[in-house]
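Subject: Structure handover

Hello,

Here is the structure I said I would pass on. My notes on it follow below.

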Amino acid sequence: MLDLAQIRTMDKTQDENRQGEAYLHGDTGMQTHARKFYIESYGCQMNFSDSEIVASILQESGFSSTPSYSEADLVLINTCSIREKAEQTVRNRLHIFRQQKKAKPGMLIGILGCMAERLKEKLIEEEKLVDLVIGPDAYRTLPGLIEEAQSGQKAVNTLLSREETYADISPVRLGGNGVTAFVSIMRGCNNMCSFCVVPFTRGRERSRDANSILKECRDLFENGYREVTLLGQNVDSYNWADENNNELLSFSGLLEKCAQTDPSLRIRFSTSHPKDITDDVLRVMRKYDNICKNIHLPVQSGSTRILQLMNRTYTREWYIAKINRIRELIPECGISSDIISGFCTETDEDHAETLSLMEYAGYDMSYMFFYSERPGTLAARRFRDDVKEDVKKRRLEEIVHLQNKLSKISNRQDIGKQFSVLIEGDSKKSQAYWMGRNSQNKVVVFPKEGQSLKPGEYAIVRIENCTGATLIGTLSIQDLKGN
Ligand code: SAH
Ligand code: SF4
Ligand code: F3S
């Protein structure tokens, strides 16, 4: 059996993200009968972050949000195309929304995100699933498209842009815990990993204006947030220049400036491509206590031959050298990964190399998938998807099993250590416990025991016990300095 908890939540809906707060931006500022929108998000954090931009655009044009789709005049679904299953989940949801529309004919259904970009008009013309189709670079045109759809026209905009970063739009934080937030620093991807649909659905890579990123970090801090995750498909290739080319900023430069917002604002980032993460980034991480000591460094496969077919542009040895360098410069750094089983032509020997590389890296955590061929990708055009499904699944089970073992080993090594933990809220299992994370991004729970701590505060916690996924501790002291 697969341990589903270990498999990426990318294909699942995150309930907390469904709940928008109701605001109305009208002339009077009074709560009247504003049109209501409901938004549901799937896929990676970039999508969740985009939904917050969409919410901001809709509020500006007089919509208020509702956590219940049956109350909505506009139902939006922000979608993912990364694997076939992700798209199937969305189709199932759309059929449910269409049922609702029968009871409420004026309701509009719109599809956003990667599936909208991939399938375009087809979703309206052939499949008749939705009223609006909006790709990831076209969200500013949403208010106009809603009007078009209301007047019965075909409302589609899937143009990709080389400039759009939504830099000036302040996201409306949907749901969330008020402590941790995502800040998008770039869009698109210029890599061409042969299995991946993202370059086709998200377009060319572009970096967001550093000043607007820094302002967003500062605003979040002033609003009580204590952790920011800088988001991009490949953050290490962040590269921004101001209009006069006076200021040039690479990712290490941006990271340093973000860290300087305040020592008690933690900074994380995701995702790093092994070929692009530099010593400069590692040195900045080492220099600032508030930059979290955790790197998500997806390997995908441990076999050089498969890595070449995947067009990842590094070898097994090169990846190992990168792990060694991280451990040398930041010994306490947590490392996590993404792994794909059963890519085209993968043999049992290739698979064994993936397992041995996982052991070598000693990942704290991994997101694990079996290969799902995506139409239009390099792999779909060049290679046969020739590993049988039961073999892909068996290999995935072995990968998941090994990762569970590695996570337990890593967690056991933390017993007896003390960590600074940023409190995010109550533990899911018991209100008598706080839940937070340490710098390495491990979940830590500890009893409240009458302490006057609050979410957003730091505590020094001594680890007494663990499971595969959680460290269990007791409070040593409140960490007033933070981070
Ligand atoms: N930009 C990020 C990842 C984006 S997609 C990066 O480069 O790391 C997240 C993960 O989904 C990938 O790392 C990969 O492991 C997985 N993935 C992407 N395409 C896939 C496919 N066709 N089948 C199975 N898994 C896939
Ligand atoms: Fe996809 Fe590769 Fe770009 Fe990640 S780096 S989004 S896996 S093409
Ligand atoms: Fe999915 Fe698009 Fe993200 S395909 S993983 S939502 S960039």
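A residue counts as buried when its relative accessible area is under 20%, as exposed when over 50%, and as partly exposed in between. N441 has a relative accessible area of 28%, so N441 is partly exposed. Please bear in mind that the model is predicted.

Backbone

Most residues other than glycine have a negative phi, and most peptide bonds are trans. The following places depart from that pattern.

N441 has a positive phi, near 75°, and is not a glycine. N441 belongs to the loop between β18 (433–437) and β19 (443–447).

Q300, also not a glycine, has a positive phi of about 75°. The loop that holds Q300 runs between β14 (294–296) and α11 (304–309). Is Q300 buried or exposed? With a relative accessible area of 7%, Q300 falls under the 20% cut-off and is therefore buried.

The peptide bond from S270 to T271 is cis, and its omega is near 10°. T271 sits in the loop between β13 (266–270) and α10 (279–287).

Ligand 2

Which residues surround ligand 2? They are C189, N191, C193, F195, C196, V198, P199, Q233, H273 and R312. Sorted by class, this shell around ligand 2 has six nonpolar residues, three polar and one charged. Cys and Pro count as nonpolar in that sorting, and Arg counts as charged.

Regards

Terms used
Residues numbered from 1 in each chain as written. Chains lettered and ligands numbered in written order. Predicted model: local features only at pLDDT ≥ 70, side-chain atom pairs only at ≥ 80, totals over all residues. Heavy atoms only, no water. Helix = DSSP H or I, 4+ residues; strand = E, 2+ residues; numbered from the N terminus. Buried < 20%, exposed > 50% of the residue type's maximum accessible area, 1.4 Å probe, protein only. Near = heavy atom within 4 Å.
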